[in-house]
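Good morning, everyone, and thank you for making time.

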Amino acid sequence: MVAAAPQLQKRLTIQVEDIAPDITTIRSLDWDRDRFDIEFGLQNGTTYNSFIIRGDKLALVDSSHAKFRELYLDTLRGQIDPATIDYIVISHTEPDHSGLMADLLDLAPNAVVVGAKVAIAFLEDLVHRPFERIQVKNGDTLDLGQGHTLEFVSAPNLHWPDTIFTYDHKSQILFTCDAFGMHYCSDDLYDADLAALSPDFRFYYDCLMAPNARSVLSAMKRMDALPEITTIATGHGPLLRHNLQELTDRYRRWSQEKGKSETLVGVFYTSDYGYSDRLSQAIARGITKTDIAVEMMDLRSADPHEVNELVGRATGLVIGMPPSTGASDAQAAIGTIFAAVHDKQTVGLFESYGGDDEPIDTLVNKFRDLELRPAFAPIRIKDTPDEALYQFCEETGTDLGQLLGQAKKLKKLKSLDADMEKALGRISGGLYIITARKGNLTSAMLASWVSQASFQPLGFTVAVAKDRAIESFMQVGDQFVLNVLEENNYNHLMKHFLKRFPPGADRFAGVRTRPAINTSPILGDALAYMECTVTSRMEMSDHWLVYSTVQDGKVSNPDGITAVHHRKVGTYY
Ligand SMILES: Cc1cc2nc3c(=O)[nH]c(=O)nc-3n(C[C@H](O)[C@H](O)[C@H](O)COP(=O)(O)O)c2cc1C
């Protein structure tokens, strides 16, 4: 059943389906991306999935985003009398799943809220009213009757500090909220079309789960102890049933891969304070584009032993300013960090823009007194964070990762076979500048690993290093321009685009450009240009092989010849 909300401009619809004899999902379908969150990069909208489980007792697992208030609550009323809800399970308290909790508690005043200890504490701050509650730990169960015994699995940091999974023993469905999800909106309830979903599944993992890879593996170990799982009912996107094994294997493989790095950055933020979580996420995403591992930790809910242990293991620390008042737990965690830091650690600080931030200079000075190396200039925020700031944070994170990974990279390169390197160096390519625009953001890079790959449609591949700034602009569905450089007329462009640009820099300052139909910049001095769309990406060890199709293109000088790049060794471009 699909019901629309005609009064709303954005396409918000609701889908109601039975996923087991006593279990119904209410999926809030949000077809249009309408905000800049890094993990919404693929622009396929999203869904917020909520579940009704009917035993002798009635349980609701998660609800919806506040923007679906009327639509969701009307639909819920159509399914059950909300006053009869016995339990509301909150997988975590992020507003997109718990934004309607105050309304639900109005409608179901006797409902008992079930969640992790941290989730219950966060919810108290969110709804400002008394409510019945059950705090659950890993392995706790709740019997709804009719065989529906719910078992809770602790899954902190996936991707909020207070996350739990819920396993229903009768239906063998595991409700995981953010974990294993994707921002993908379609009427398909399940994951039948693996090829269509894969880019979104990966992108979502990279943004939200890769910075918590260790927590992913811990949660999956706990999942392994459960009986068979037939369906993973996620909070975003389609439910996993057809490709459950394949998709969970991917999570395991990617997380194990991330965990291999010996170098680690601990990113500390304060959940639900200002823009701390979003900004820390952007920085963490930037770091994980390099070879460096990240672990994120919420200052407010982290156990002092965990803080101490993470600081002890980390080479780099990134800390978002906590509130200066009313958050004694976060302040105490900062104290623990100071007590645990050791010399040779690298530290970067950022403001949270929460209105009551701990003064950043005080902390900067304290770390300086301890002779810790600054990872980057403190990130000070004067205005409401926008996409340019998130780009800045991501690129700052990548720079930090590259800084920490430099020594290791040099060692690796030196160990290769010299003759083989020279032979590989005889592979040559043309010279190109890739340019891209996404909203108000732009990026560019010089590329020579470009090769035509198909006639129909016309398409080519380019190998893009995983830690390139422009990599974030070359996700499946993104558009860009391939500018071909001309022999005898490319030195100025090559020199310009090979500059080491600081995070967030305008890479086109002083360069003559005009906009393409897809809005990406066309270079005035390009011999030819092509307007392109990314169709698929193949993962290599250190590059993404990006296959794109060409929609339009022109040559400015019919007699011009493409600049060719000859090199000596295959260990650099
Ligand atoms: C001749 C030459 C060819 C290059 N070709 C590629 C390429 O095909 N893919 C790539 O990822 N980087 C390539 N690079 C590296 C990037 O152009 C450049 O170092 C990069 O823009 C800087 O990193 P950033 O954009 O992430 O800041 C090449 C560099 C040179 C000098």
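Taken over C-alpha atoms, the centres of domain 2 and domain 3 are separated by 33 Å, where the domain bounds come from an automatic or database domain assignment. That assignment gives domain 1 (16–258), domain 2 (261–410) and domain 3 (421–565). Please keep in mind that this is a predicted model, in which local features need pLDDT of at least 70 and side-chain atom pairs count only at pLDDT 80 or more, while totals for chains, interfaces and linings use all residues. Residues are numbered from 1 along each chain as its sequence is written, and side-chain values use heavy atoms, with hydrogens and water left out.

How many residues of domain 2 are in contact with domain 3? Counting contact as heavy atoms within 4.5 Å, 14 residues of domain 2 touch 18 residues of domain 3. The area buried between them is about 1200 Å², and carbon and sulfur atoms give 40% of that; buried area here is the accessible area (1.4 Å probe) that two parts lose on being put together, summed over both. On the side of domain 2, Lys289, Gln391 and Glu395 supply 45% of the area buried against domain 3, more than any other three residues.

Let me turn to charged pairs. Three salt bridges are found across the interface of domain 2 and domain 3, each being a side-chain nitrogen of Lys or Arg within 4 Å of a carboxyl oxygen of Asp or Glu. Separately, I would point you to the salt bridge in which the side chains of Arg500 and Asp399 meet, at 3.2 Å from N to O.
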